[in-house]
Amino acid sequence: MDQQHLAGPVTVALVEDHQVVVDGVRSWFAAPGPVELVAQGPTIESVSDVPADVLLLDLHLNGTMVIDRVAELCGGGQRVIVFSEHEEPETVRVVLDAGASAFIGKGRATRESCLETVLEVAADRPSVTPPMAQAIATDESPHRPQLSDKERAALLFWFQSMSKASVAARMGIKERTVRQYIDRARVKYAAAGRPAPTKEKLLICAIQDGLISPDEVTVYTSLAARAGEEPVPPEEVRGLR
(Lines give C-alpha, C1' and ligand atoms only; values in the text may rest on other atoms or scores of the structure.)
Protein backbone atom coordinates (compact mmCIF):
# COMPACT_ATOMS: atom_id res chain seq x y z
CA MET A 1 0.00 0.00 0.00
CA ASP A 2 2.10 2.89 -1.29
CA GLN A 3 1.21 6.47 -0.55
CA GLN A 4 0.16 7.15 -4.12
CA HIS A 5 -2.48 4.40 -3.80
CA LEU A 6 -4.10 5.93 -0.75
CA ALA A 7 -7.38 7.77 -1.30
CA GLY A 8 -6.11 10.81 0.55
CA PRO A 9 -3.62 11.92 3.19
CA VAL A 10 -2.56 9.49 5.90
CA THR A 11 -4.64 10.18 9.01
CA VAL A 12 -3.09 10.32 12.47
CA ALA A 13 -4.58 10.34 15.96
CA LEU A 14 -2.27 11.76 18.62
CA VAL A 15 -2.40 10.73 22.29
CA GLU A 16 -0.45 13.41 24.17
CA ASP A 17 -1.09 15.38 27.36
CA HIS A 18 1.36 18.26 26.86
CA GLN A 19 -0.08 21.14 24.84
CA VAL A 20 3.31 22.34 23.59
CA VAL A 21 3.92 18.92 22.01
CA VAL A 22 0.41 18.87 20.56
CA ASP A 23 1.01 22.29 18.98
CA GLY A 24 4.30 21.13 17.52
CA VAL A 25 2.86 17.96 15.99
CA ARG A 26 -0.12 19.89 14.65
CA SER A 27 2.27 22.28 12.88
CA TRP A 28 4.15 19.32 11.37
CA PHE A 29 0.95 17.88 9.93
CA ALA A 30 -0.62 21.14 8.86
CA ALA A 31 -2.59 20.87 5.63
CA PRO A 32 -2.03 20.61 2.76
CA GLY A 33 0.29 17.65 3.06
CA PRO A 34 0.60 13.88 2.96
CA VAL A 35 -0.37 13.50 6.64
CA GLU A 36 -3.39 14.89 8.47
CA LEU A 37 -3.95 15.07 12.23
CA VAL A 38 -7.60 14.05 12.68
CA ALA A 39 -7.78 13.60 16.45
CA GLN A 40 -5.87 14.57 19.57
CA GLY A 41 -6.45 13.87 23.23
CA PRO A 42 -4.71 13.29 26.56
CA THR A 43 -5.89 9.68 26.87
CA ILE A 44 -6.23 6.69 24.57
CA GLU A 45 -9.98 6.66 25.14
CA SER A 46 -10.29 10.29 24.05
CA VAL A 47 -9.33 9.42 20.45
CA SER A 48 -10.66 5.86 20.25
CA ASP A 49 -13.84 6.83 18.40
CA VAL A 50 -11.97 8.51 15.55
CA PRO A 51 -10.67 6.12 12.87
CA ALA A 52 -7.09 6.86 11.89
CA ASP A 53 -4.42 5.12 9.85
CA VAL A 54 -1.81 5.61 12.56
CA LEU A 55 -1.93 6.17 16.32
CA LEU A 56 0.91 8.36 17.63
CA LEU A 57 1.17 7.44 21.30
CA ASP A 58 3.06 9.05 24.16
CA LEU A 59 4.02 6.50 26.81
CA HIS A 60 3.72 8.80 29.83
CA LEU A 61 0.20 10.16 30.20
CA ASN A 62 -1.12 12.06 33.17
CA GLY A 63 1.68 10.73 35.38
CA THR A 64 1.24 7.09 34.36
CA MET A 65 3.23 4.90 31.98
CA VAL A 66 0.94 3.15 29.47
CA ILE A 67 3.38 0.61 28.05
CA ASP A 68 0.96 -2.17 28.95
CA ARG A 69 -1.65 -0.71 26.56
CA VAL A 70 0.53 -1.10 23.46
CA ALA A 71 -0.13 -4.83 22.97
CA GLU A 72 -3.88 -4.28 23.39
CA LEU A 73 -3.93 -1.54 20.75
CA CYS A 74 -1.79 -3.47 18.26
CA GLY A 75 -3.78 -6.64 18.84
CA GLY A 76 -6.87 -4.71 17.84
CA GLY A 77 -5.32 -3.89 14.48
CA GLN A 78 -4.12 -0.36 15.23
CA ARG A 79 -0.83 0.80 13.72
CA VAL A 80 0.96 2.27 16.73
CA ILE A 81 3.96 4.58 16.64
CA VAL A 82 5.28 5.28 20.11
CA PHE A 83 6.30 8.94 20.47
CA SER A 84 8.17 9.27 23.73
CA GLU A 85 11.11 10.78 25.59
CA HIS A 86 11.69 7.40 27.27
CA GLU A 87 14.18 6.15 24.70
CA GLU A 88 15.94 3.56 26.86
CA PRO A 89 16.76 0.52 24.68
CA GLU A 90 14.90 -1.81 27.03
CA THR A 91 11.74 0.32 26.79
CA VAL A 92 12.02 0.46 23.01
CA ARG A 93 12.42 -3.32 22.80
CA VAL A 94 9.40 -3.89 25.06
CA VAL A 95 7.02 -1.77 22.97
CA LEU A 96 8.31 -3.24 19.70
CA ASP A 97 7.83 -6.76 21.06
CA ALA A 98 4.31 -5.70 22.04
CA GLY A 99 3.61 -4.91 18.39
CA ALA A 100 4.40 -1.21 17.96
CA SER A 101 5.26 -0.43 14.35
CA ALA A 102 7.91 2.15 15.20
CA PHE A 103 9.37 4.27 18.00
CA ILE A 104 10.11 7.98 17.61
CA GLY A 105 12.20 9.70 20.28
CA LYS A 106 10.88 13.13 21.15
CA GLY A 107 14.36 14.45 21.83
CA ARG A 108 15.57 14.04 18.26
CA ALA A 109 12.37 14.05 16.24
CA THR A 110 12.07 16.43 13.30
CA ARG A 111 9.16 17.14 11.01
CA GLU A 112 10.85 15.30 8.16
CA SER A 113 11.75 12.22 10.18
CA CYS A 114 8.30 12.02 11.76
CA LEU A 115 6.52 12.36 8.42
CA GLU A 116 8.74 9.69 6.89
CA THR A 117 8.06 7.25 9.71
CA VAL A 118 4.30 7.85 9.65
CA LEU A 119 4.15 7.29 5.88
CA GLU A 120 6.22 4.10 6.10
CA VAL A 121 4.08 2.69 8.89
CA ALA A 122 0.83 3.63 7.14
CA ALA A 123 2.06 1.75 4.05
CA ASP A 124 2.98 -1.27 6.23
CA ARG A 125 6.65 -0.93 5.36
CA PRO A 126 9.34 -1.59 7.99
CA SER A 127 10.71 1.55 9.60
CA VAL A 128 13.88 1.78 11.69
CA THR A 129 14.31 5.01 13.63
CA PRO A 130 17.46 5.92 15.65
CA PRO A 131 16.03 4.67 18.98
CA MET A 132 15.03 1.40 17.31
CA ALA A 133 18.47 0.96 15.76
CA GLN A 134 20.11 1.56 19.12
CA ALA A 135 17.78 -0.87 20.88
CA ILE A 136 18.55 -3.59 18.34
CA ALA A 137 22.29 -2.89 18.36
CA THR A 138 22.50 -3.08 22.16
CA ASP A 139 20.53 -6.31 22.43
CA GLU A 140 22.42 -8.85 24.54
CA SER A 141 22.37 -11.33 21.65
CA PRO A 142 22.56 -9.20 18.50
CA HIS A 143 23.79 -12.17 16.42
CA ARG A 144 20.63 -14.06 17.34
CA PRO A 145 17.67 -11.68 17.14
CA GLN A 146 15.05 -12.12 19.80
CA LEU A 147 11.60 -12.61 18.32
CA SER A 148 8.40 -12.08 20.24
CA ASP A 149 5.99 -15.00 20.52
CA LYS A 150 3.68 -13.43 17.95
CA GLU A 151 6.52 -12.74 15.52
CA ARG A 152 7.65 -16.36 15.80
CA ALA A 153 4.09 -17.66 15.35
CA ALA A 154 3.55 -15.51 12.25
CA LEU A 155 6.82 -16.70 10.75
CA LEU A 156 6.06 -20.35 11.47
CA PHE A 157 2.63 -20.27 9.85
CA TRP A 158 4.08 -18.36 6.89
CA PHE A 159 6.91 -20.88 6.54
CA GLN A 160 4.23 -23.58 6.44
CA SER A 161 3.25 -21.95 3.13
CA MET A 162 0.17 -20.23 4.42
CA SER A 163 -0.66 -16.96 2.71
CA LYS A 164 -0.37 -13.88 4.91
CA ALA A 165 -4.17 -13.66 4.83
CA SER A 166 -4.40 -17.24 6.12
CA VAL A 167 -1.84 -16.49 8.83
CA ALA A 168 -3.92 -13.51 9.91
CA ALA A 169 -7.06 -15.63 10.10
CA ARG A 170 -5.25 -18.33 12.07
CA MET A 171 -3.86 -15.80 14.57
CA GLY A 172 -6.99 -13.66 14.72
CA ILE A 173 -5.16 -10.49 13.65
CA LYS A 174 -5.08 -8.15 10.66
CA GLU A 175 -3.11 -9.14 7.54
CA ARG A 176 -1.08 -5.94 7.79
CA THR A 177 -0.05 -6.97 11.31
CA VAL A 178 1.28 -10.24 9.90
CA ARG A 179 3.32 -8.27 7.38
CA GLN A 180 4.65 -6.11 10.20
CA TYR A 181 5.73 -9.16 12.20
CA ILE A 182 7.56 -10.62 9.20
CA ASP A 183 9.15 -7.31 8.25
CA ARG A 184 10.22 -6.71 11.85
CA ALA A 185 11.98 -10.08 11.90
CA ARG A 186 13.81 -9.09 8.71
CA VAL A 187 14.79 -5.76 10.24
CA LYS A 188 16.19 -7.50 13.32
CA TYR A 189 18.28 -9.87 11.21
CA ALA A 190 19.54 -7.03 9.01
CA ALA A 191 20.56 -5.03 12.08
CA ALA A 192 22.43 -8.09 13.36
CA GLY A 193 24.44 -8.25 10.15
CA ARG A 194 22.55 -11.24 8.76
CA PRO A 195 20.16 -9.85 6.12
CA ALA A 196 17.32 -12.18 5.16
CA PRO A 197 15.56 -10.55 2.20
CA THR A 198 13.88 -13.73 0.96
CA LYS A 199 11.51 -16.20 2.59
CA GLU A 200 14.00 -19.05 2.21
CA LYS A 201 16.86 -17.04 3.74
CA LEU A 202 14.67 -16.01 6.67
CA LEU A 203 13.71 -19.65 7.22
CA ILE A 204 17.37 -20.71 7.16
CA CYS A 205 18.30 -18.06 9.74
CA ALA A 206 15.38 -18.99 12.01
CA ILE A 207 16.30 -22.68 11.92
CA GLN A 208 19.99 -22.00 12.46
CA ASP A 209 19.13 -19.96 15.55
CA GLY A 210 16.76 -22.58 16.92
CA LEU A 211 13.79 -20.25 16.66
CA ILE A 212 12.01 -22.65 14.31
CA SER A 213 12.44 -26.43 14.21
CA PRO A 214 12.56 -28.13 10.78
CA ASP A 215 9.96 -30.59 12.08
CA GLU A 216 7.54 -27.68 12.55
CA VAL A 217 7.71 -26.66 8.91
CA THR A 218 4.97 -28.78 7.36
CA VAL A 219 4.02 -27.81 3.85
CA TYR A 220 0.34 -27.06 3.23
CA THR A 221 0.17 -27.20 -0.56
CA SER A 222 -3.39 -25.94 -0.95
CA LEU A 223 -2.73 -22.83 1.12
CA ALA A 224 0.53 -22.22 -0.71
CA ALA A 225 -1.22 -22.47 -4.05
CA ARG A 226 -3.90 -20.07 -2.86
CA ALA A 227 -1.20 -17.59 -1.83
CA GLY A 228 0.71 -17.96 -5.09
CA GLU A 229 3.89 -18.62 -3.10
CA GLU A 230 6.33 -21.46 -3.66
CA PRO A 231 6.76 -23.58 -0.50
CA VAL A 232 10.24 -24.61 0.56
CA PRO A 233 10.48 -28.29 -0.47
CA PRO A 234 10.45 -30.73 2.49
CA GLU A 235 13.83 -32.18 1.52
CA GLU A 236 15.39 -28.68 1.64
CA VAL A 237 13.86 -28.05 5.06
CA ARG A 238 15.35 -31.31 6.34
CA GLY A 239 18.70 -30.24 4.91
CA LEU A 240 18.69 -27.16 7.13
CA ARG A 241 18.97 -29.18 10.32
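Q: Which helices do the buried residues of H8 pack against?

A: Buried residues of H8 pack against helix H2 (70–75), helix H3 (89–97), helix H5 (130–137), helix H6 (149–159), helix H7 (164–171) and helix H9 (199–208). Buried means under 20% relative accessible area, exposed over 50%, and partly exposed in between, with a 1.4 Å probe and protein chains only; contact means heavy atoms within 4.5 Å. Helices (H or I, at least four residues) and strands (E, at least two) are DSSP runs, numbered from the N terminus. This is a predicted model, in which local features need pLDDT of at least 70 and side-chain atom pairs count only at pLDDT 80 or more, while totals for chains, interfaces and linings use all residues. Residues are numbered from 1 along each chain as its sequence is written, and side-chain values use heavy atoms, with hydrogens and water left out.

Q: Which residues of H8 are buried?

A: An α-helix has 3.6 residues a turn, so residues three or four places apart point the same way. In H8 the buried residues are Thr177, Val178, Gln180, Tyr181, Ile182, Asp183, Arg184, Ala185, Val187, Lys188 and Tyr189.

Q: Why should helix H8 span 24 Å?

A: The expected span of a helix is 1.5 Å times one less than its number of residues. Helix H8 has 17 residues (175–191) and so should span 24 Å, which agrees with its end C-alpha atoms being 24 Å apart. After H8 comes Gly193, with a positive phi near 80 degrees.

Q: How many residues line the largest cavity, and which lie nearest its centre?

A: Rolling a probe the size of a water molecule over the atoms shows where empty space is left. On a 1 Å grid over the protein atoms alone, a cavity is a set of points where a 1.4 Å probe fits but cannot get out, and lining residues have an atom within 4 Å of a point. The largest cavity has 14 lining residues, and Ser101, Pro126, Ser127, Gln180 and Arg184 lie nearest its centre. Helix H8 gives the largest share of this lining, five residues, and H5 and H8 each supply at least two.

Q: How much of the protein is buried?

A: In soluble globular proteins, nonpolar side chains tend to be buried together. Here 47% of the 241 residues count as buried, and the secondary structure comes to eleven helices and seven strands. Among contacts between residues at least 6 apart in sequence, 65% join residues at least 24 apart.

Q: With which residues is Leu57 in contact, leaving aside its neighbours within four places in sequence?

A: Leu57 is then in contact with Val15, Ile44, Val66, Val70, Leu73, Val80, Ile81, Val82 and Phe83.

Terms used: On a 1 Å grid over the protein atoms alone, a cavity is a set of points where a 1.4 Å probe fits but cannot get out, and a pocket is an open set with protein on both sides within 12 Å along at least five of seven lines; lining residues have an atom within 4 Å of a point.
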